[in-house]
Structures are given as C-alpha cells and as structure tokens.
Amino acid sequence: MSDREVVQLCEPFDQSLETIKNELEFVQSTLRGSNFCASFSNMAGIILRYRGDPQNDEDLKLERPGTIWAEGAVGTNGVGTCIIERRPVMVLGRHHYFRAYSSISCIAAPVTSADAEMIGVLNVATGDPRITSDTFALAADLTMNTAERLSNQLFLNHFPGSSILKIRGDGPTVLLALDDEQRIVGANKQARHIFGSIAERLNRATLWELFQNTPEARDGVTREGRLLGLRRIESEALWEAEVIVPKPAMSRRAVAKSPSTATSPAIEPATDVAHSEGPTIEQCLGSHPRLNVLSRLLRRISGSGLPILLLGETGVGKDTLAGALHREGDRSHKPLVAFNCAAIPETLIDSELFGYGAGAFTGAKREGNVGRLKQADGGTLFLDEIGDMPLSLQTRLLRVLETGEVSPLGSAKTQTVDINVIAATNNDLSAAVTQGRFRRDLYYRLAGVVVDMQPLRERKDILSIAHRLLASDKISPAVELSPGVISVLETYAWPGNIREMRYVLQRARRVCENGIIEVDDLLLTDLASPASGAPEMPNSAAHPRQALHDAERRMILSTLDRLDSDVSRTAEALDMSRATLYRKMRAHEIVARKVVRA
C-alpha cells in the first residue's frame with residue numbers, strides 16, 4: 001500500500017501509536033543481534049509499524065509498513081492466520097502458503113483493546129536459518145508476553161485516573177477498572193473470561209458482587225500501590241490484587257484550533273516534550289576528565305542556536321543527552337520535538353518534517369500539517385538517525401538551516417522558524433560523506449559541536465547508571481544488587497549499551513526474590529560458556545513446539561535448583577500458581593525433593 005494510505009490507516013491508533021512503538025522497540029532491543037524484526041498490524045493484516053535492525057534484516061523487507069498479510073491475500077502466514085484464529089500462532093518456513101516466503105519463520109499474537117476486542121497483531125519474524133532452538137523459544141515467549149503487556153497497557157491508557165485492580169492468577173493478568181463508587185467500568189479479556197457475564201454488566205455491577213466486601217478491602221481499593229487480599233464470594237478463594245491509578249496520557253495527535261486560524265494548518269503538540277526530571281548532561285556523558293570539559297562547553301552553548309551532533313553506538317543514550325541539553329539550555333521553556341529519520345517511510349519524511357498545506361495531496365489532512373520544523377519553532381529539534389535521511393531531503397534541510405525559512409508542500413507561503421538543532425546517528429558520517437550518501441555541506445552545518453559518546457563497556461560509572469535506571473522504574477518496588485550482580489554489570493560487554501541494561505534490569509527486578517537481584521535474575525545468556533560443538537539448527541516443522549517444551553522444562557528445573565526445590569517459592573518466582581506448577585512438573589516428569597510450605 002502507499003505511504004499515504006498507511007498514514008490514514010494509522011489514524012484509529014493515534015492514541016496508541018507511542019505505546020505500540022515502545023513495545024516494538026522493547027522486543028527488537030531484547031532480541032538485538034538475533035536477526036529478528038517486530039511489527040504491528042491492523043485487523044486487515046496490514047503492517048502499520050515495524051522495528052528491526054537495518055543491518056541484519058535484509059531478508060525481511062516484506063515486513064515493512066504497508067505490506068498486506070491478510071490470509072485471503074497471501075494464504076497461511078503469521079499475521080493473517082492469527083487474525084483468523086484469534087490466538088497466538090507460529091508459521092515456520094515452508095508452512096507459508098507461498099514458496100516465496102519459505103525463508104521466513106514467525107510468531108504472531110493478538111493485541112486486544114480495552115473492550116477486549118482484537119484490534120491487531122504483534123508479529124516477530126526472522127529470515128535467518130541459523131537461529132537456534134533456544135533463541136526461537138525465547139522469541140516465542142517474548143512475543144506472547146509482549147502482546148499481553150501491550151493489550152494491558154492499552155487498557156490502562158483507556159482509563160486514566162480510574163482505580164485499576166491488577167489481579168494475579170493462574171494465567172494472564174486480570175484487570176478491572178473501577179469508578180469512584182467502586183462500580184466495574186472496564187474489564188480486560190482475561191477478566192471477562194474468568195468472571196463470565198461481567199462484560200454485560202459493566203457500569204452497573206460493583207466489585208463487591210465478585211469479592212467479599214470488608215472494611216479493609218473497601219478502604220484498600222482507594223489507595224494506589226496497595227496490595228490487597230480479596231476473597232471470592234462463592235468459592236472463598238483468596239486473590240492477590242494490586243491497586244494502580246494510570247496517569248492521563250497526552251494525545252500525540254491532539255490538534256489545537258482557534259477561530260482566527262481555522263483555515264491554517266493546525267499546530268500539533270511536540271511529539272516529545274522535555275520532562276522536568278532526568279539525567280544531567282554530566283550523567284549522560286560520564287565522569288571521564290575529558291568529558292567534564294565537554295559537559296561545561298555543552299552547558300554554555302545549549303540553546304544558543306549552535307547545532308550539536310551526537311555520535312555513538314546504538315543504545316548509548318543519545319536521545320537522553322538531547323533531552324538533558326534541552327532541559328539545561330536557554331530554550332527549556334519551549335518545545336523539544338523529536339523526529340526519527342529512519343522510522344518514517346522515505347516518501348513521508350518530506351511532509352512530516354516540512355509540513356504541507358490544506359489539500360496538498362490525496363489523503364492529506366483537511367487542515368494541513370505544519371510539520372516538525374514549525375512545531376519546534378523557538379525550541380529544539382532533535383533529528384535522530386540523521387545518517388538515514390534520504391539524500392534528496394538533505395538539500396531541503398540544509399536550506400532551512402541556512403535561511404531559517406520553511407516552505408510546506410502545496411503552500412506558496414514561506415514560514416520563518418528559529419530552532420536549535422541536535423542531530424544524532426550511529427552511522428559513520430565521515431564515511432557516508434566520502435561515499436556520497438551524505439552531503440558534506442550539511443555535515444559541517446550540523447557539526448557545530450561533535451559529541452562522540454562512550455559505549456557503556458568503556459564507562460567507569462556503570463554502577464551509578466544501573467542505580468539511576470532502577471530508580472527511574474517507579475512502578476516496581478525498590479531492589480538491591482547482590483555483589484555478584486555488581487561484578488557482572490561492570491564486566492559484561494553490553495552490546496546494546498544503556499538501552500540493553502535498562503531492559504535487563506527491568507526484567508530482573510520483576511523476577512528477583514526478597515528484593516535482591518541475583519546473577520541468575522539477569523538472564524544474560526552470554527555469561528555462560530558456549531557448549532561444545534555447533535548449535536542445534538531448526539530443521540523440522542515440530543522444532544519450535546519442542547523448543548518451547550524444552551525451554552520451559554529447563555526454566556522450571558533451574559528455578560527449583562536455585563530455590564532448593566521449594567515448590568511454593570518456585571511458583572512465586574515463575575509467576576504462576578502452585579497448581580499450575582505441579583501440572584507442568586508432571587508433564588515434564590519433574591519430582592520435587594523438598595516438602596513445600598503450607
């Protein structure tokens with residue numbers, strides 16, 4: 001499909017695109033280096049958002065936004081078959097209907113709305129035949145868990161300010177949204193499955209038609225962060241619930257209109273606005289003496305109009321430094337607008353960055369679009385992945401930076417802008433200039449001050465970074481790092497840099513016990529010595545199912561071993577009930593050697 005058609009198809013998801021993008025980023029970052037890509041498709045089987053490693057996914061060009069994977073169009077495939085089946089599916093290589101897709105293997109899982117209706121598909125795919133069984137099993141588990149988390153986050157976004165009960169049970173998370181009178185106004189898919197007809201009685205049934213109404217429970221439901229023990233009325237079963245209150249989210253596409261400018265392109269809010277809190281410039285750069293001098297220089301010139309070019313590997317925190325430069329600069333009271341040159345299709349960069357007038361092209365917004373440059377007027381424009389900007393648009397950008405004037409598509413009017421530009425890339429721009437892929441004059445126009453950020457493995461403040469990342473994750477309770485973990489954090493290579501560390505710590509704090517993160521909780525497979533011989537290759541249709549079976553057995557065995565065969569603690573660590581764990585142990589022929597706690 002055309003890029004403009006994709007933009008139109010994205011409109012129903014405007015309130016959710018940022019959440020979807022974050023989850024795709026999480027999946028791709030977790031599987032970085034394993035040749036996987038992640039995408040989100042609507043119920044027509046059309047990919048709307050995509051995230052992959054451009055250096056490793058040459059075999060997955062068919063997964064780009066606008067490609068159609070409806071089963072009626074291309075036969076059996078992950079996205080289309082998941083839409084038909086409305087459940088997670090795997091489609092491996094030759095099981096695709098068309099032979100042209102036989103090099104692709106994928107895992108697809110449904111994404112549901114706050115009304116428990118399926119609205120799309122999260123798909124993770126690879127075209128690499130070298131993927132090991134363990135890696136494929138990890139990708140499958142990650143896909144299903146991420147689809148559930150995305151669905152739950154969309155539920156939370158739908159009820160900002162309401163009290164949400166997050167109930168853990170045997171299976172996916174149960175979410176109930178309550179109003180001030182403790183009536184149930186929302187229930188996710190798992191809640192509707194467990195509580196039967198609750199969906200038909202939303203806005204009428206109260207929480208106390210499901211659980212016993214005690215003074216302690218009634219008072220606890222009003223307190224954010226409270227852990228409750230709720231007892232079912234008919235079964236006396238005790239359920240553990242956490243009370244959370246989602247914060248209202250700013251619409252990404254809210255359009256500000258006024259009677260005096262009704263015919264002019266409306267100015268959209270900044271895509272990314274600098275927050276009042278965050279790492280300082282010094283914390284972003286590190287404690288090296290050479291960088292201390294650079295920090296003082298950046299603080300003096302930030303916001304002055306002198307462009308700044310940030311270089312460094314993926315994940316080193318270039319976007320975080322850009323935010324710090326804006327917050328601590330002279331333009332902090334104005335918007336910080338971020339634009340990723342690699343995340344927007346080439347044919348849309350022009351209209352998204354420079355804007356367009358009313359009726360500029362078929363499918364354009366009726367009121368036009370001012371573009372990111374005009375949105376950032378008076379503030380900061382952060383051009384991420386500038387090395388991926390098409391050569392044809394580099395000329396237009398250079399002209400804007402030289403003259404301060406923007407000419408939107410389809411408009412005869414020239415608009416003046418005053419922006420401070422911060423650009424970032426993980427590409428070698430010098431090589432790109434030599435090869436003719438990047439304009440030399442634009443490079444010098446952007447390189448007012450060049451900051452080459454250190455990879456995490458070379459920094460001396462790794463432990464401080466880890467503590468800061470843990471402190472920024474305010475949803476989970478506080479945790480401590482064991483001495484062994486501290487040693488690992490300081491010696492691990494961190495190929496994904498700070499982004500990788502963030503996700504590793506977020507995952508570890510959710511699986512650790514007693515508030516202490518141990519080495520096993522990090523789940524860093526690179527720490528283990530590789531087994532002798534070549535890795536087992538996926539060579540049969542039954543491979544992924546067997547891989548998942550083996551991976552689950554290994555996880556249960558390792559957790560039992562770590563917790564001295566205590567089944568109760570093992571069930572808690574694996575986030576499942578004891579009954580479920582016993583059932584899985586019987587299926588895997590695992591026998592516990594220790595009597596469990598009552």
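Glu500 lies in helix H18 (residues 497-511), where helices (H or I, at least four residues) and strands (E, at least two) are DSSP runs numbered from the N terminus. The model is predicted, so that local features need pLDDT of at least 70 and side-chain atom pairs count only at pLDDT 80 or more, whereas totals for chains, interfaces and linings use all residues. Residues are numbered from 1 along each chain as its sequence is written, and side-chain values use heavy atoms, with hydrogens and water left out. Glu500 is buried, at a relative accessible area of 16%; buried denotes under 20%, exposed over 50% and partly exposed the range in between (1.4 Å probe, protein chains only). Residues up to four places away in sequence being excluded, Glu500 touches Tyr492, Trp494, Pro495 and Leu524, contact meaning heavy atoms within 4.5 Å. The C-alpha atoms of Glu500 and Leu31 are 10.0 Å apart, although 469 residues separate the two along the chain.

Two packed helices are described by the angle between their axes and the distance between the axes. Axes are lines fitted to C-alpha atoms, for helices over the stretch in contact, and angles run from 0 to 180 degrees between N-to-C directions. H18 packs against H2 at an angle of about 95°, with the axes 10 Å apart. H2 and H18 are therefore roughly perpendicular (65 to 115 degrees; under 35 is roughly parallel, over 145 roughly antiparallel and the rest oblique). Asn22, Glu25, Phe26, Ser29 and Thr30 of H2 meet Arg499, Tyr503 and Arg507 of H18. These residues divide into 2 nonpolar, 3 polar and 3 charged, with Ala, Val, Leu, Ile, Met, Phe, Trp, Tyr, Cys and Pro counted as nonpolar, Asp, Glu, Lys and Arg as charged, and the others, Gly among them, as polar.

Helix H2 (residues 17-30) also packs with helix H5 (residues 133-158), their axes coming within 10 Å and crossing at roughly 160°. H2 and H5 are therefore roughly antiparallel. Residues in the contact include Phe26 and Val27 of H2 and Leu150 and Leu154 of H5. By class, the contact of H2 with H5 has 6 nonpolar, 5 polar and 2 charged residues.

Elsewhere, an open sheet of 5 strands has the order E12-E13-E16-E11-E17 with parallel pairing, two strands being paired if DSSP finds at least two bridges between them. Strands E12 (336-340) and E17 (449-452) stand at the edges, each with a single partner strand, so one side of each has no neighbour in the sheet. The twist averages 15° from one strand to the next.
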